[in-house]
Amino acid sequence: MSNPEQYDFVALGGGEAAKLLAWDLASNHGKKCAVIEHGPIAGACPTVACMPTKTLIHSAQLAHLARQVPASAPGTARADIKTDMAKVFTRKQDVVDGMADLFLGIFAETKAELIRGHGELVGPKTISCNGRLLTGETVLINTGSKALVDTSIPGLANAKPLTHVELLNIKTLPTHLIILGGGYVGIEFAQAYVRFGARVTVIERNAQVLKKEDSDVISALTKILAREGVEFLTSTSVTKVSGTSGDEVVLTLSGPGGPSEIIRGSHLLVSAGRTPNTSGIGLAEAGIQLSPAGHVAVDEQLRTSVPGVFAAGDCAGSPYFTHIGWDDHRVILASLTGSPREGGTANRQVPSTLFTSPELAHVGLREEEAKARGIPYRLTKAPMAAFLRSRALGETEGFAKALVEADGDKVLGFTALGPGAGELLPAVQLVMKLGLSYKELVDLIIVHPTMCEGLVDLFRSVPPRTG
Ligand SMILES: Cc1cc2nc3c(=O)[nH]c(=O)nc-3n(C[C@H](O)[C@H](O)[C@H](O)COP(=O)(O)OP(=O)(O)OC[C@H]3O[C@@H](n4cnc5c(N)ncnc54)[C@H](O)[C@@H]3O)c2cc1C
Ligand SMILES: NC(=O)c1ccc[n+]([C@@H]2O[C@H](COP(=O)([O-])OP(=O)(O)OC[C@H]3O[C@@H](n4cnc5c(N)ncnc54)[C@H](O)[C@@H]3O)[C@@H](O)[C@H]2O)c1
């Protein structure tokens, strides 16, 4: 092995924070930077997660809308619409390839080095890759996470279940897709595949899918999904799997339907949570400690137990969202450029959007969480039909609600289930971030008819303070 090459910044894993830090430090601070990546260029989001799934979801939405044509043009029979999955794949791949080209261009422009290969720490701040040794003044661990396949379920691994990675690459329509796990991944794929024309069954061990969300929200969402054809088996566990995904899979279930219900499908997707990519990369050898959940242990500035080594994104236990990986990069950049963010990652907003239609968007405190924690609040709630744009879109199902302080005017939390609900978040987030009164939203002049306009009515209906 060669002598270590000296870098200012080396990232193990090309996740969100890695590339943003390398690009910024190289182009704006003249630093010598390298990113080591053994998979597709530039992390999961653009290649096997956010961007390809949202592309797929859009294709499914088009198929769904095409089938609605008879409703807006009576007499036009379109029940025969079939999806060409090979074209859906091609469109998805074009988007992924476009993102890869974009990122390769930025690497070239910023002169940050992209090293394609598997990296492992061989010392506290030294990484080996492709026969090279790279030592960084600053090292970042940004290796992401992977789908969890629970090997304690007999037969599951042998059934060669799909994860999101493989499902995004199949070019044919499963006749019956069984989805193990009703979290973000499972629910987004469930609606997309039912819209493509597959039979879809979601198996969830909890009493409701997306267990963190309020039950009124999930009840409204699952009603819509069930009407589209998604079958839900909640409070249900899998005790045995046989067969092979892609051919036939047979699952033995234990749930409210009885201890040994059998379900058969053509394909099995595992979307039952994630596990951080923290094993086999030399962390222990480098003296970098892990948390009990197996993430790289970090403080609020994302510093690991080894000085000069940071960790970011899924592998560091940050909430599993790309925009949080983005924010992790800001926290680390602030440290590296001499003005650390006060509080680092503590108390930051974690907005989220589930990209079903309608979308489910949320930020801040949830109503059931407020009740459980005994936090007093004033509630305002409005049906989506009160967001007048939803009427023009013909998508009036869902609702929005917000929690406001009981004895003050700050917004504590906001949730919306409606068309393009994710786009409503930033306006509310800004009010929350700046600690403004909800009345600032009521006083805004918002373009009619946009979805955001509905926020005025929602917040105008905040009940008066009681005390
Ligand atoms: C199906 C799906 C859809 C999602 N949709 C959304 C969404 O719409 N919005 C959203 O905000 N979030 C979404 N997420 C979550 C989001 O994708 C992740 O939180 C985010 O990509 C994590 O980024 P990261 O920076 O932690 O690491 P990653 O983006 O996972 O990058 C880590 C990289 O490190 C590489 N690597 C690992 N080990 C090594 C090694 N030893 N040597 C070299 N390279 C290595 C990997 O190949 C990988 O490219 C989705 C996730 C999934 C699974
Ligand atoms: N739109 C987005 O922002 C988006 C989309 C997809 C994923 N993500 C991120 O990726 C993360 C991971 O998503 P995910 O859906 O894989 O995991 P998840 O943790 O969100 O959900 C997994 C679900 O599987 C269930 N489950 C686990 N084991 C099971 C079993 N044996 N039988 C039945 N049910 C079981 C869990 O109870 C849980 O409801 C999400 O939490 C989210 O942060 C975000």
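1. Lys160 counts as partly exposed because it has 15 C-beta neighbours inside 10 Å; a residue is called buried if 20 or more other C-beta atoms lie within 10 Å of its own, exposed if 12 or fewer, and partly exposed in between, with C-beta atoms placed from the backbone. The phi of Lys160 is near 45°, a positive value in a residue other than glycine, and Lys160 sits in the loop between strand 7 (145-147) and helix 5 (164-167). Helices (H or I, at least four residues) and strands (E, at least two) are DSSP runs, numbered from the N terminus.

2. This is a predicted model, in which local features need pLDDT of at least 70 and side-chain atom pairs count only at pLDDT 80 or more, while totals for chains, interfaces and linings use all residues. Residues are numbered from 1 along each chain as its sequence is written, and chains are lettered from A and ligands numbered from 1 in the order in which they are written.

3. Ser235 also has a positive phi, of about 50°, although it is not a glycine. Ser235 belongs to the loop between strand 10 (231-233) and strand 11, and with 13 other C-beta atoms within 10 Å it is partly exposed.

4. The domain assignment, which is automatic or taken from a database, gives domain 1 (5-146 + 275-336), domain 2 (157-272) and domain 3 (352-460). The C-alpha centres of domain 1 and domain 3 lie 30 Å apart.

5. Around ligand 1 there are 35 residues, the closest being Gly13, Gly15, Gly39, Gly144 and Gly313; a residue is near a molecule or strand if its C-beta atom, placed from the backbone, lies within 6 Å of it. The elements that each supply at least two residues of this shell are helix 1 (16-29), strand 2 (33-37), helix 2 (44-48), helix 3 (50-72) and helix 8 (322-336). By class the shell holds 13 nonpolar, 18 polar and 4 charged residues, where Ala, Val, Leu, Ile, Met, Phe, Trp, Tyr, Cys and Pro count as nonpolar, Asp, Glu, Lys and Arg as charged, and the others, Gly among them, as polar.

6. Ligand 2 has 26 residues around it, of which Gly181, Gly183, Tyr184, Ala272 and Tyr320 come nearest. Two or more residues of its shell come from each of helix 6 (184-196), strand 11 (237-244) and strand 17 (352-354), and helix 6 gives the most, with 4 residues. Ligand 2 lies between domain 2 and domain 3, because both give residues to its shell.

7. Helix 8 has 15 residues and reaches 21 Å from its first C-alpha to its last, close to the 21 Å expected at 1.5 Å a residue, the expected span being 1.5 Å times one less than the number of residues. Its buried residues, among them Ile324, Asp327 and His329, pack against helix 1, strand 6 (132-141) and strand 16 (309-311); contact here requires C-beta atoms, placed from the backbone, within 7 Å.

8. Strand 21 (residues 411-418) is largely enclosed by the rest of the structure, because 8 of its 8 residues are buried. Strand 21 pairs in the antiparallel sense with strand 18 (residues 359-364) over 6 bridges, pairing being taken as at least two bridges found by DSSP. Strand 20 (residues 399-405) runs antiparallel to strand 21 and is joined to it by 5 bridges, with a hairpin of 5 residues between these two strands.

9. Cis peptide bonds join Ser357 and Pro358, with omega about 5°, and His448 and Pro449, with omega about -5°.

Note on methods:
Contact = placed C-beta atoms within 7 Å.
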